[in-house]
Amino acid sequence: MAVITYREALRAAMREELQRDENVVVMGEEVAQFNGAYKVTEGLLKEFGPKRVVDTPISEAGFIGLGIGASMLGIRPVMELMFWSFSYVAFDQIVNNAGNIRYMSGGLINCPIVIRGPGNGGTNVGATHSHTPEAILASHPGIKVVCPATPYDAKGLMKAAIRDNDPVYVMENTILYNDKGEVPEGDYIVPLGVADVKRVGTDLTIVAHGRAVITSLKAAEILEKEHGVSVEVVDLRSIRPLDEETILASVRKTHRALLVEENKPFCGVDAQVAYIIQAKAFDDLDAPIGRVSSIDAPQIYCKRMEDEQLPHAARVVAAALKVLA
Amino acid sequence: MAKPAVLTHPESLKKPAGPSEFAKHPANTALSKAEKVALYTKMARIRHFEQRCIRTYQQGKIGGFLHLYVGQEAVVAGTVSLLGKHDHIITGYRDHGHGLMVGMSMNECMAELTGKVTGCSQGKGGSMHYFAPDKNYWGGHGIVGGQVPLGTGLAYAVKYKGLKGCCLAYMGDGAVNQGAVHEAYNLAALWDLPMIFVIENNGYSMGTSQERSTAHPGCLAKRAEGYGMAWDVINGHDVYEVRAKTDAAVKRAHEESKPTVLEIFTYRYFGHSMADPDKTYRDKEEIKGYRENKDPVLLFENELIAEGVLTPATRDAINEAAMAEADVAAVFAEESPDPTVADITKHIYWEEDNRGPNSTSRGTIIFE
């Protein structure tokens, strides 16, 4: 199996889907001639030409809305947001139009659009460019949200998203773009709504998504080496749909749960996960559910403090020890 | 291009409008007698359907908002009557006329208003959210201007597929100050999309007149020049004029793949919605002037009678049939069942409604 980066995995998914289906169009700011602000779409214009790989003006409400309209007529747009933070100027299109049209038409209209781009903090760019809107968007029925943490999942989830007949919002992470991992060269998909046990353990379940998975895996190493604790790490991969069964099976085995995410705590993804665990596995728990989120403030600019604001391994270890106490 | 026109010239409301200058336009001489009668019939059906809605609303059977199209019939009748197989339309929340014009039944339209499962959206959309994609009608959208980028996407898809077609995105005069509309203008012009932006200018964005809402209120269509787009202004009380001028825009879209902005002057007889008491922002004389002297259905009726296409007897028969059809629709809506509690969670996700072994989706997607 080839070892490629998360960025290359995303590109491979788009490239293979552009080849497979002539209705797939990649569209966004700087995706074509500039080769992508983060080079995720590099080379696609050269290979597929300007009809399939389209530069848009800086006009998120306009071009995202255009993509939604085109998808209603059978085009399968893969729209890049340079940052998910920019989704907020297109919120009406992303939520009200894409998320509601199937429902309000009584199932007559589908919206097979993919919107993708990085949605993460940790890049020293301040509050306006560091949002993690997966919980906000996933709280709207009609919308699907996935957050790949590894190159394998990035390719498989992106391909599933493009083939899916509903709006799927893929939240990537700029800090992961250069991470390498084994990725099959051929066609495969990671279905939406299937979590992945990234590390098997017996004493504690950590549930995480996105880059928090990588942080949790580091913390699990430390917990094993320094504290002799066996930690299982469940990577949600998909926020909505959500794989409740994998979460619950792990908690039923370890009897303790720690939830880690890069969102701010209020109504984060883990608020929902915690509810599900207490509602469906209460008797299996030996301790209250623990939680690590970003420190509850707009994203700070100062790099040293931003690294503190986001969940990091030491904070996860400390929280884990509390759950294990 | 036409010069900016004044929407409401008070003097023009004092005497009946004369015969249409556009009766001899090729777009109209191309109509057979039967087609003219059919066009009149569609306008009358919209008028009577909407008037029947008022009664149903007053009986407490229609909930929520109800935005009536009475007075604006020539706009949708004139524009939609020009469209073909690959032409699409999308509009805002004043959407009943568009639905009836593309061929939706009064039954499904009325049942949707009363929230019944036999409605066009199975009671899930309501007055503001009619859809008939099989008739190239993509809604029915509740947020002012939000449908305009979607319409631009429909035009993009038509062009992408190499089809000779276009999209008409209707909006009210209140929408022209929304950012999404300007973003759509820019994209349509930048990418040469077969797009027609139709501003149904009825003079009021809810209760705010154009003078109080819009910089440079004299002509909204002229903003097209900022994007290098063609534009025109149309007297929307005259269905012949609407057809004649829209025809040019449709040809521009079909043959040159170029967008147009059309501003069609029209007037609504009732409030913004049924919740609008309509007492604070315009006077009764103004409404009376339009009803008596500029009514689009009446003017077309006069036109067709003068042409010998319509007789008073056929006119009466058409109107009686439309009223009867609306009554039948009201009964149909009344007698239809509600959706069920189980229906609440259907039609959210295609993949959920069609889940199979090859589905791209698993897991929990509807939460307790």
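Predicted model: local features only at pLDDT ≥ 70, side-chain atom pairs only at ≥ 80, totals over all residues.
A residue is taken as buried when its relative accessible area is under 20%. The buried positions are B:M106, B:C109, B:M110, B:A111, B:E112 and B:L113. These residues pack against three helices of chain B, namely α2 (33–58), α4 (96–102) and α12 (312–335). Just beyond the end of α5(B), B:G115 adopts a positive phi of about 75 degrees.

Chain A was examined at the level of its domains. The assignment divides chain A into domain 1, covering residues 2–183, and domain 2, covering residues 196–324. Contact between them involves 28 residues from domain 1 of chain A and 24 residues from domain 2 of chain A. The centres of the two domains, taken over C-alpha atoms, are separated by 26 Å. About 2,000 Å² is buried between domain 1 and domain 2 of chain A, with 54% of this area on carbon and sulfur atoms.

Two salt bridges are counted between these domains of chain A. A salt bridge also joins the side chains of A:D153 and A:R237, with an N to O distance of 2.8 Å. Polar contacts between domain 1 and domain 2 of chain A amount to 15 residue pairs, both residues being at pLDDT 80 or more. On the side of domain 1 of chain A that touches domain 2, at least two residues each come from α6 (134–138), β6 (144–146) and α7 (151–163). By class, this side of domain 1 of chain A comprises 14 nonpolar, 11 polar and three charged residues.

Definitions and conventions:
Residues numbered from 1 in each chain as written. Chains lettered and ligands numbered in written order. Heavy atoms only, no water. Domains from an automatic or database assignment. Contact = heavy atoms within 4.5 Å. Buried area = accessible area lost by both parts, 1.4 Å probe. Salt bridge = Lys/Arg side-chain N within 4 Å of Asp/Glu carboxyl O. Polar contact = N/O pair within 3.5 Å; in protein donor to acceptor, adjacent residues only side chain to side chain. Helix = DSSP H or I, 4+ residues; strand = E, 2+ residues; numbered from the N terminus. Nonpolar A, V, L, I, M, F, W, Y, C, P; charged D, E, K, R; others polar. Buried < 20%, exposed > 50% of the residue type's maximum accessible area, 1.4 Å probe, protein only.
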